[in-house]
Amino acid sequence: MKIQHFSHDHRLVFIQAHSVASKAALCLGCEKPVKGWSYACKDCNFYLHKGCAELELAHEIQHPFHPKHRLTRFPKSPYGGANVCDLCGKEFQGFSYSCRACRFDLHINCALLQPSIAENFPNSLHPHPLFFIQNHNNEVESDCFGCQKPLSGPFYHCSDCTPRLNLHAECAELPLEINHPYHRKHPLTLLLQPPSHPQKCGCSLCRIQWSGFVYSCSLCNFELLLADFFSRPPLTDASHEHQWMPISRKISRKMSFICDFCGTAGEHSPYFCATCHLLVHKNCISLPLHIKITRHHHTIFLSYFSRQNQVEDQMCRICFLEVDTSYGSYRCSASECKYVAHARCATDKAIWDGTIVQEGYDERSEEVVHEPSNLITDVVEQIHIGELMVASEIKHSYHDHNLRLISSGKTKDDDSQCDGCKRPLSTPFYSCEQCKFFLHKDCAELPKQLPHPFHKHLLTLSNTRDEGGYSECRACKRCFQGFQYHCYEGCWFRIDIQCMLLSDTLKHPSHEHSLFLVHNNQGTSCSACFVKLDSEDVAYRCMKRCDFSLDVGCATLPLTAWFKYDRHPLTLTYSYDSEPSRLHCDLCEKERKPYHWFYYCANCDNSLHLNCAVGDLPYMKLGNKLKSYHRHPVTVVKNIWNCPPCNVCGELCNGQALKCKEFECSFTVHWGCSCGYRQ
């Protein structure tokens, strides 16, 4: 196949692979190496890329870079020798569009770029029209006039200036005046070139050697060069509408800063939004605008204020320390809600599950209209109690028979427990007399799903147990049976109903100040039992420098307990005022440690360890069978008078224990001893 091309007198032959040529060749159109398909005149050693040969190039064009005259197509320099492109500044000998009268020339690749006039560009920045070029395919290799760095990405070009003027898009779009965190006293003004001062002027602008743009405060002799200001590529993130410009490490090494998003100190390499006047850590750029956490029932959003619009300082509802509202924080999206949290607290991995809420999301869309929120599948019968209509007989998902409401009176068995929360039974409750199954009314009406401040994921109500027939609460560390709230996001987090009733604040009679929930308690100890806490334990802590903490197990201890040899209730006691000779437990007769909490009856002068008073298994239902290392299932019992010895440690099993009720098997073991028992 042959073609006749305007750039050569002879017909050109199509070559499918350039390997047929005797040596490497350049395309005479774009002056780049010939690879692959091409057209050639072998006799003249003339080659064109197939793409260059097939370009539809008009003989004359009107180009925006040279509006005075039309440009004519030339196969080589019309002046003899090499041409210099008036856009990219490179010498070339190939195709061009030129105005011979003005000696204006464009290399063919530059002539084919698609510039657009920059509308509404401020004349104070540059007096001539500027053209915007989105993609120049790396043809233009000159430096940006503003920052003196090589051009990359979109840029602006002035065709009227000599020498040629090119500007990065971000440099051309710099504001003429900024408020900068490095100089908060006054605005900085953008200067495009050195001032015309006398030759021996000693001002700061004349003392520094600079070219390109500079931000200056004439009142304070403060200057910020763009070469120092922008030393790394800018960043963009969907959570912020403007570009984040990097601050030079040369400058940032000299000073510290406070991040305007998270409010914490930083030392190196911050990023700056010139439009919003924000200085932030690189990691904080990606902070989402709207998130949902289990610590609060509404969506919270990232809010940041300028120092001219400070509002009253508030307390973070996660760490319960003061929030400096001149920096960023997360706030509740509901207009009347005053919830606020530090940005770092709200996005902590123990608090936030990483889910981002899209702006404009309607929380009401989560409501399920036709599905019951609890596990009551049917209301069989209703009665009036006062002005209220109450379900007197129900069907529940976790029991096969109907349950009837007992609204007053005593239970038949003083040891009866709710099968949901395993607390002592009290009215009102639902009962199945056939199965001895009881549910407090509140437990029967528990929601299917609930958020809880102890965990970052939504929790689901469950009645499942581990293989042994019981579960362990991840909050209080107690073993329990009954209902639980479970995380199905792969965390294996579960919590019993007793702990589920706790919130993020606690007012406990043991301490004069309110206590607040804290997630990371590494290095602290519980002030009741003095057990050391680790990083995964949640606990309640006083934030008034009292050095007072309560783990969840001690925070949920009952305020009173009963002792078989005492007709009075024993009171949970927090202070130590006994003689050293009285530091013993009246049940197990072992020593009590000073300053540890205990149960005490002032009338009878009886003192008990915490576990001796409430038992090892306060949330296990008496009579239930468990699997253990014993060859038979064991039953949860409460030994009151006849207390057999433990088969492991040999001491009496006072109170709750595990007993084998198989014929001719007298195996009895403490709960604590059963964990290490091997038959």
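## Starting at Arg 100

At 53% relative accessibility, Arg 100 counts as exposed, because anything over 50% falls in that class. You can find Arg 100 in the loop between strand 9 (96-99) and strand 10 (104-107). Keep in mind while you look around that this is a predicted model.

Who does Arg 100 touch, leaving aside residues up to four places away in sequence? Its partners are Phe 74, Pro 78 and Tyr 79. There's also His 69, which is 31 residues from Arg 100 along the chain, with 9.8 Å between the two C-alpha atoms.

## The whole chain

Now zoom out. The chain has 679 residues, and 46% of them are buried. It's built with 53 strands and 12 helices. The chain exposes about 36,700 Å², and 49% of that comes from carbon and sulfur atoms.

Take the contacts in the chain with a separation of 6 or more: 49% of them are between residues 24 or more positions apart.

Ser 7 sits in the loop between strand 1 (2-4) and strand 2. With a relative accessible area of 14%, Ser 7 is buried, since the limit for that label is under 20%.

The side chain of Ser 7 makes a polar contact of 2.7 Å with the side chain of His 5. Not counting residues up to four places away in sequence, Ser 7 also touches Phe 46, Leu 48, Pro 75 and Phe 95.

## Rings that pair up

A search of the whole structure turns up 15 aromatic pairs. One of them joins Phe 14 and Trp 37: the ring centres are 5.9 Å apart and the planes stand at 70 degrees, so this pair is edge-to-face. Phe 14 belongs to strand 2 (residues 11-15), while Trp 37 is in the loop between strand 2 and strand 3 (38-41), so the pair ties together parts that are 23 residues apart in sequence. Phe 14 is partly exposed, at 23% relative accessible area, and Trp 37 is partly exposed too, at 46%. Together with Tyr 39, Phe 14 and Trp 37 form one aromatic cluster.

Then look at Phe 320 and Phe 516. Their ring centres are 3.9 Å apart and their planes are at 25 degrees, so this pair is stacked. Phe 320 is in the loop between strand 27 (314-315) and strand 28 (322-323), and Phe 516 is in strand 43 (residues 515-518), so this pair ties together parts that are 196 residues apart in sequence. Buried or exposed? Both Phe 320 and Phe 516 are buried.

## Arginines over rings

Arg 73 lies over the face of Phe 6, at 3.7 Å from the ring centre. Further along, the charged end of Arg 592 sits over the ring of Phe 598, 4.1 Å from its centre.

## Cysteines without bonds

How many disulfides does a search of the whole structure find? The count is zero. Cys 41 is buried, with a relative accessible area of 5%.

Cys 643 counts as buried, at 12% relative accessibility.

Conventions. Residues are numbered from 1 along each chain as its sequence is written. This is a predicted model: local features need pLDDT of at least 70, side-chain atom pairs count only at pLDDT 80 or more; totals for chains, interfaces and linings use all residues. Side-chain values use heavy atoms; hydrogens and water are left out. Helices (H or I, at least four residues) and strands (E, at least two) are DSSP runs, numbered from the N terminus. Buried means under 20% relative accessible area, exposed over 50%, partly exposed in between (1.4 Å probe, protein chains only). Contact means heavy atoms within 4.5 Å. Accessible areas come from the Shrake-Rupley method with a 1.4 Å probe; for residues, only the protein chains shown count as cover. Rings of Phe, Tyr and Trp (its six-membered ring) pair if their centres lie within 6.5 Å; planes under 30 degrees apart count as stacked, over 60 as edge-to-face and the rest as tilted. A charge sits over a ring if NZ of Lys or CZ of Arg is within 6 Å of the ring centre and within 35 degrees of the ring normal. A polar contact is a pair of N or O atoms within 3.5 Å; within protein, one must be able to donate a hydrogen and the other to accept it, and residues adjacent in sequence count only if both atoms are side-chain atoms. A disulfide is a pair of cysteine sulfur atoms within 2.5 Å.
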